[in-house]
Amino acid sequence: MYAIVGATGNTGSIVAEKLLARGEKVRAIGRDKEKLAKLGAQGAELCPGDATDCDFLFHAFTGARAVYFMVP
């Protein structure tokens with residue numbers, strides 16, 4: 001499973017969609033549950049929360065094979 005932080009953003013959405021198209025498991029991480037719903041419809045596991053919260057990220061990354069996390 002791949003954890004994608006900012007899965008609804010400019011680059012994160014592309015990464016998430018390409019992985020889902022290849023049949024990979026994706027955990028879509030973002031602030032807005034409604035925006036994440038599009039990826040959920042494609043099969044992603046949704047994980048809404050705050051990327052500045054260390055405890056949230058610890059749980060969001062648990063079990064991930066890799067994490068995509070682009071810091072602006």
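How many helices and strands are there in the chain? The chain contains 3 helices and 4 strands. The structure described here is a predicted model. Read from the N terminus, its elements follow the order β-α-β-α-β-α-β.

## The chain as a whole

The radius of gyration is 11 Å, which agrees with the value near 11 Å that a compact globule of 72 residues would have. The C-alpha trace spans about 30 × 25 × 20 Å along its principal axes. Of the contacts in the chain with a separation of 6 or more, 44% join residues 24 or more positions apart. The following table collects further values for the chain.

| Property of the chain | Value |
|---|---|
| Share of the 72 residues that are buried | 31% |
| Accessible surface | about 4,700 Å² |
| Part of the accessible surface belonging to carbon and sulfur atoms | 54% |
| Distance between the centres of the positive and negative side chains | 8 Å |

The charged side chains comprise 9 positive and 8 negative ones.

## Helix α1 and its two faces

Helix α1 is formed by residues 12-21, and its buried residues are Gly12, Ser13, Ala16, Leu19 and Leu20. These residues lie on the same side of α1, because the arc they cover around the axis is only 135°. Lys18 and Ala21, by contrast, are exposed and sit on the face of α1 that is turned away from its buried side.

Gly12 belongs to helix α1. Is Gly12 buried or exposed? Its relative accessibility is 2%, and residues under 20% are classed as buried, so Gly12 counts as buried.

Which residues does Gly12 contact when its neighbours within four places in sequence are left aside? They are Ile4, Gly6, Ala7 and Tyr68.

Gly12 and Lys33 are separated by 21 residues in sequence, and their C-alpha atoms are 15 Å apart in space.

Key. Residues are numbered from 1 along each chain as its sequence is written. This is a predicted model: local features need pLDDT of at least 70, side-chain atom pairs count only at pLDDT 80 or more; totals for chains, interfaces and linings use all residues. Side-chain values use heavy atoms; hydrogens and water are left out. The radius of gyration is taken over C-alpha atoms; the globule rule is 2.2 Å times the number of residues to the power 0.38. Buried means under 20% relative accessible area, exposed over 50%, partly exposed in between (1.4 Å probe, protein chains only). Contact means heavy atoms within 4.5 Å. Accessible areas come from the Shrake-Rupley method with a 1.4 Å probe; for residues, only the protein chains shown count as cover. Lys and Arg count as positive and Asp and Glu as negative; His and the chain ends are not counted. The place of a charge is taken as NZ of Lys, CZ of Arg, CG of Asp or CD of Glu. The arc is that of the directions from the helix axis to the C-beta atoms.
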